[in-house]
Amino acid sequence: MFRRIIRFLFKVMLWFFAISIIGVIVFKFVPVPLTPLMVIRAIEQKIDGKEMICSHDWEPLENISTNLQKAVIASEDGTFLIHNGFDFDAIQKAMKSNEKGKKLKGGSTISQQTAKNVFLWQGRSYLRKGLEAYFTVLIELIWGKERIMEVYLNSIEMGDGVYGAEAACRYWYRKDASNLTNYEAAGIAAILPNPRKFKATNSSSYTNRRKDRIVRRMKYVGKLDY
């Protein structure tokens, strides 16, 4: 019986590795049509008796303003262009902050957020974090930075029922993702911690201060040499 269990678990692991690697390879070339979060939000809307809204328009990275690319780096992951998927300094700072009882922080990079958004569910369990680390390594190895940024900007939640840069730009600014100013890009980046609570336009004073900080940091991002 013990040997059967071991063989079964071994086969499950082999299938998991095979399917996950194939999935990552496929999404290196194919636009991500749907994410687990989109499904979860749609179910939540249905349960709450609301209209099921999912605005999502995929655009190649060359059609997304470099201002938005710089804004999310400045806001979410300042070392995105040079790390290998994990910012251990940020993780250490987040752990110390959480230990002191301050506002809970995650220290996740754009690569980690992309891995979570595309392949996993929301939550803070050790299992999910372990799988997040695994998929982060895979996409760093197989996709590279440019593709990670492209998938991130096309998949992340940027409003209530709004996913991806193109849908967000049309929702917040009534314009294409290719034509954002610095401040407009900072407006979208500023709401990413909680895009269903914060607004990119007609923002609170807190969000406006975040926008100003992001615009200042964007100057130091430099050339986007993926």
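The model is predicted, so local features need pLDDT of at least 70 and side-chain atom pairs count only at pLDDT 80 or more, while totals for chains, interfaces and linings use all residues. Residues are numbered from 1 along each chain as its sequence is written, and side-chain values use heavy atoms, with hydrogens and water left out. Helices (H or I, at least four residues) and strands (E, at least two) are DSSP runs, numbered from the N terminus. Buried means under 20% relative accessible area, exposed over 50%, and partly exposed in between (1.4 Å probe, protein chains only).

**Salt bridges**

- The whole structure holds ten salt bridges, each being a side-chain nitrogen of Lys or Arg within 4 Å of a carboxyl oxygen of Asp or Glu.
- A network of salt bridges links Arg41, Glu44, Glu157 and Arg196.
- In one of these pairs, the closest N and O atoms of arginine 41 and glutamate 44 are 3.3 Å apart. These two residues are three apart in helix H2 (residues 36-47), so about one helical turn separates them.
- Arginine 41 is buried at 16% relative accessible area, whereas glutamate 44 is partly exposed at 30%.
- Glutamate 44 also bridges to arginine 196, with closest N and O atoms 3.7 Å apart. Because glutamate 44 lies in helix H2 and arginine 196 in the loop between H9 and H10, the pair ties together parts that are 152 residues apart in sequence.
- Glutamate 150 and arginine 147 form a salt bridge with closest N and O atoms 2.5 Å apart, and both residues are buried.

**Cysteines**

- There are zero disulfides in the whole structure; a disulfide is a pair of cysteine sulfur atoms within 2.5 Å.
- Cysteine 54 is partly exposed at 41% relative accessibility, while cysteine 169 is buried at 0%.

- UniProt, in an unreviewed entry, places a "transmembrane region" at residues 12-30; its positions are given in the numbering used here, feature names are shortened, and annotations may be inferred rather than shown by experiment.
- Residues 12-30 are 95% helix and 0% strand, with end C-alpha atoms 26 Å apart.
- A nonpolar surface patch, including Met13, Phe16 and Phe17, has about 780 Å² of accessible area together.
- Methionine 13 sits in helix H1 (residues 2-29) and is partly exposed at 45% relative accessibility.

**Buried positions**

- Helix H9 (residues 182-190) is largely enclosed by the rest of the structure, because seven of its nine residues are buried. These buried residues pack against H3, strand E2 (157-159), helix H8 (165-173) and helix H10 (205-218).
- Serine 75, in helix H3 (residues 66-76), is buried at 17% relative accessible area.
- Beyond its neighbours within four places in sequence, serine 75 is in contact (heavy atoms within 4.5 Å) with Ala189, Arg210 and Ile214.
- Threonine 114, in helix H5 (residues 110-119), is buried at 1% relative accessibility.
- Threonine 114 and tyrosine 152 are 38 residues apart in sequence, yet 5.3 Å apart from C-alpha to C-alpha.

Technical notes. Patches are made of residues with over 30% relative accessible area and no salt bridge: like charges are joined within 9 Å, nonpolar side chains (Val, Leu, Ile, Met, Phe, Trp, Tyr) within 5 Å. Accessible areas come from the Shrake-Rupley method with a 1.4 Å probe; for residues, only the protein chains shown count as cover.
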